Amino acid sequence: MADILKGAPVAEALTEKMKSDVAELKSIGIDPTLAILRVGERPDDLSYERGAVKRAEKAGVSIKHVILPADVTQEAFDEALNSLNNDNRVHGILMFRPLPEQLDNEKARKMLAPEKDIDGCTDGSLAGVFTNTETGFPPCTAQAAMEILHHYGVEIKGKKAAVIGRSLVIGRPVAMMLMHENATVVNCHTKTVDIPSITRKADILIAASGVLRSVNSAYVNPDQVVIDVGINWDEEKQGFAGDVDFDSVEPVVKAITPVPGGVGTVTSSVLISHVIEAAKRSVIR
């Protein structure tokens, strides 16, 4: 039986630290503030927003809502984003994407100030991940996977890690973050030949392909820690499931994250921690 690396204890530990950091910032007159920039009423945006607001409230972070109509013009959207970029009272901006088709998604991504990009979507933030510098912030899902490894004391230095997936949201950033902590990393993808022969040799496996139950017992070994980043809708079982076939992998490996209840549970806490870190950096600037 594998150890189940649940996300809730990680999120709670992060929240306790955030409360302390917020109290310290407020003692010097800094009120960490997250601006939520949302266009329209997409159900998935609303669901993520509720989670972020709940976690922000627990940590003591203030929220500024900027809600625009679904038919907003490019000019009006640009004005709203620029206003938040230039507002010194706002430390982080959560900009929901994709934007409606009348808006330029790429332009918006490039307009967002990297120092307020708490979701890690700008070129500046991604450059910071690759150079291991404090430019913007890493994507929240990638950092959530790392926070789980840290919380449960999983050794990274000198270990072999395999990452399945090469997206800019999780695959490539988390590979770089593992490398910065001195793991030897192989980044597998759709053109990789015989992925199981690679992943079976890894001490840490991060599954981030976005393919339901694509990782089975042939991919793993008994001494392995498996972080399942996938969140896929299982039509047959009418529920969410990961990229890992939990029932076949869990009896084999040393430790594994569940889906749901694993990485996704930590993501909103990481988002709020980025707001607080941005507030700290604003004091230095």
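Is F240 buried, partly exposed or exposed? Select F240: at 48% relative accessibility it counts as partly exposed, where buried means under 20% relative accessible area, exposed over 50%, and partly exposed in between (1.4 Å probe, protein chains only). The model is predicted, so local features need pLDDT of at least 70 and side-chain atom pairs count only at pLDDT 80 or more, while totals for chains, interfaces and linings use all residues. Residues are numbered from 1 along each chain as its sequence is written, and side-chain values use heavy atoms, with hydrogens and water left out.

**The surface patch**

F240 lies in strand β10 (residues 239–241); helices (H or I, at least four residues) and strands (E, at least two) are DSSP runs numbered from the N terminus. With F240 they form a nonpolar surface patch of about 340 Å² of accessible area together. Areas come from the Shrake-Rupley method with a 1.4 Å probe, and for residues only the protein chains shown count as cover. Patches are made of residues with over 30% relative accessible area and no salt bridge; like charges are joined within 9 Å, and nonpolar side chains (Val, Leu, Ile, Met, Phe, Trp, Tyr) within 5 Å. A salt bridge is a side-chain nitrogen of Lys or Arg within 4 Å of a carboxyl oxygen of Asp or Glu.

**The sheet**

Next, show the open sheet of six strands, with parallel pairing and the order β1-β11-β8-β7-β5-β6. β1 (3–4) and β6 (184–188) are at the edges with a single partner strand each, so one side of each has no neighbour in the sheet. Two strands pair if DSSP finds at least two bridges between them.

Move to β7 (residues 204–207), which runs parallel to β5 (residues 160–164) and is joined to it by four bridges. On this side, A161 is the bridge partner of I204, and A162 stands opposite L205. Four bridges also join β7 to the parallel strand β8 (residues 225–228), where V225 is the bridge partner of I204. Both faces of β7 are covered: I204 and I206 are buried on one side, L205 and A207 on the other.

**Helix α7**

Select residues 171–180. Seven of the ten residues of this helix, α7, are buried: G171, P173, V174, A175, M176, M177 and L178. They pack against α5 (123–131), α6 (140–151), β5, β6 and β7. Just after α7, N182 takes a positive phi of about 70°.

**The cores**

L178 is also among the residues that touch the most other members of the largest nonpolar core, which has 53 residues; the others are V61, L149, I227 and I272. Helix α10 (residues 263–284) gives the most to this core, with nine residues. A nonpolar core is a set of buried Ala, Val, Leu, Ile, Met, Phe, Trp, Tyr and Cys residues joined through side-chain atoms within 4.5 Å. Centre on L149: leaving aside neighbours within four places in sequence, it is in contact with V154, I156, L178, I204, V225 and I227, contact meaning heavy atoms within 4.5 Å. Apart from this core lies another, of 18 residues, among them F77, V90, I93 and A108.

**Two last stops**

Select D21 in helix α1 (residues 8–27). D21 counts as buried at 13% relative accessibility, and beyond its neighbours within four places in sequence it is in contact with I276 and K280.

Finish at S62 in strand β3 (residues 62–68). S62 is partly exposed, with a relative accessible area of 23%. Leaving aside neighbours within four places in sequence, S62 is in contact with D31, P32, T33 and L34.
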